[in-house]
Amino acid sequence: MAELGSKGVTAGKIASNVQKKLTRAQEKVLQKLGKADETKDEQFEQCVQNFNKQLTEGTRLQKDLRTYLASVKAMHEASKKLTECLQEVYEPDWPGREETNKIAENNDLLWMDYHQKLVDQALLTMDTYLGQFPDIKSRIAKRGRKLVDYDSARHHYESLQTAKKKDEAKIAKAEEELIKAQKVFEEMNVDLQEELPSLWNSRVGFYVNTFQSIAGLEENFHKEMSKLNQNLNDVLVSLEKQHGSNTFTIKAQPRKKTKLFSRLRRKKSSDNAPTKGNKSPSPPPDGSPAGTPEIKVNHEPEPSSLDTPGAAIPKSPSQSSLPAVVVETFPAAVNGTVEGAAPSKRSDLPPGFMFKVQAQHDYTATDSDELQLKAGDVVLVIPFENPEEQDEGWLMGVKESDWDQHKELEKCRGVFPENFTEKVQ
């Protein structure tokens, strides 16, 4: 029986709530259609607008503060890894190793302390500040419902009073319901009328305290971090003074040590050696286009010492009819391609000139076919005659000063490491 009674009460309450919702819905429809007047409170509506604005601003501030804290944590991790890297590369026999370890430890502790204080003095305060908004928002919504109930009860009472056939019992009951609805509404309305303006005014002090806390914590953090950085700088300056002669050396990429010019000189000697039957020099064994010279025939016989007047030995027919052989080599493509190559037609530049580079560091040649470079030297880059002889990271060229003075590639050209230079043209 107790369960039935309980269920009956529950069922009755549900039915009552459903009826209230229907009544409110009908009242709102009538008000929107203009068939029923609506109680207005412009001052309260302004308070509600301020409340919503304050809630929006606070929510955004909370989000941005959490993003800031996440960034601080990320910076902490990045700083920790950086100091760990320093500890790993700092060799045991270097002076200041213990100091660097202590600095790294203090750096880590400083980041942790900064993050925790931001959480305690800013984020938790922010959460507390926003924690009061959900309850007030719920009460504002409830007040709106009670205002509809009050308007509905008022309209019902007025309609009974203006009816042609009056029912005093119904009028009395309607009046009782109106008084009850008005009392509930006014109690909620009075409380919110006091709280909302107070909450709105509290935003100023809250923003001031929050940003003062953040600014103060950040200022102290950077002061302490600046001291650590200065200590680290002093340690590194001391290390530099004691190891000042151990300058950082840029290394060239390893070569295959093909001794290119040695092969070229041997090839040239072989090509110019006299042959039986006055035959033209045979082409180089490399059948690639870059290694095959173009032969141009000059119809005028090449001057010879045998043409000198008074010579006892006359020229043979074969000697006089043999055309002069002019050998011109085409510039080979760098790394097997001619893309970007711009063979020069200017007489003041070496054949096949592509671009200029300037040495950024000194380079000491380690073989006879390499260029000796000083920082500031300008080199005219030319292609390899045979691309297969080019090692990765190496270029062929002639120093501009040598070319201006001699105009001879055979004497001046050489290979050099590309990473010691920078392109200027």
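Guide: What follows starts with the helix contacts and ends with the chain as a whole. This is a predicted model, in which local features need pLDDT of at least 70, side-chain atom pairs count only at pLDDT 80 or more, and totals for chains, interfaces and linings use all residues. Residues are numbered from 1 along each chain as its sequence is written, and side-chain values use heavy atoms, with hydrogens and water left out.

Helix H2 covers residues 42–89 and helix H5 covers residues 168–242; helices here are DSSP runs of H or I with at least four residues, strands are runs of E with at least two, and both are numbered from the N terminus. The axes of H2 and H5 come within 10 Å and cross at roughly 15 degrees. Axes are lines fitted to C-alpha atoms, for helices over the stretch in contact, and angles run from 0 to 180 degrees between N-to-C directions. H2 is therefore roughly parallel to H5, a label for angles under 35 degrees, while those over 145 count as roughly antiparallel, 65 to 115 as roughly perpendicular and the rest as oblique. In the contact of H2 with H5 there are 18 nonpolar, six polar and four charged residues. Nonpolar covers Ala, Val, Leu, Ile, Met, Phe, Trp, Tyr, Cys and Pro; charged covers Asp, Glu, Lys and Arg; the others, Gly among them, are polar.

H2 also meets H3: their axes come within 10 Å and cross at roughly 170 degrees, so the two helices are roughly antiparallel to each other. By class, 18 nonpolar, 11 polar and six charged residues make up the contact of H2 with H3.

Asn107 lies in helix H3, which spans residues 97–131. With a relative accessible area of 8%, Asn107 is buried (buried is under 20%, exposed over 50%, partly exposed in between, with a 1.4 Å probe and protein chains only). Neighbours within four places in sequence aside, Asn107 is in contact with Ser79, Thr83, Met225 and Leu228, contact being heavy atoms within 4.5 Å.

As for the whole, the protein chain has nine helices and seven strands. Of its 425 residues, 30% count as buried. Among contacts between residues at least 6 apart in sequence, 72% join residues at least 24 apart.
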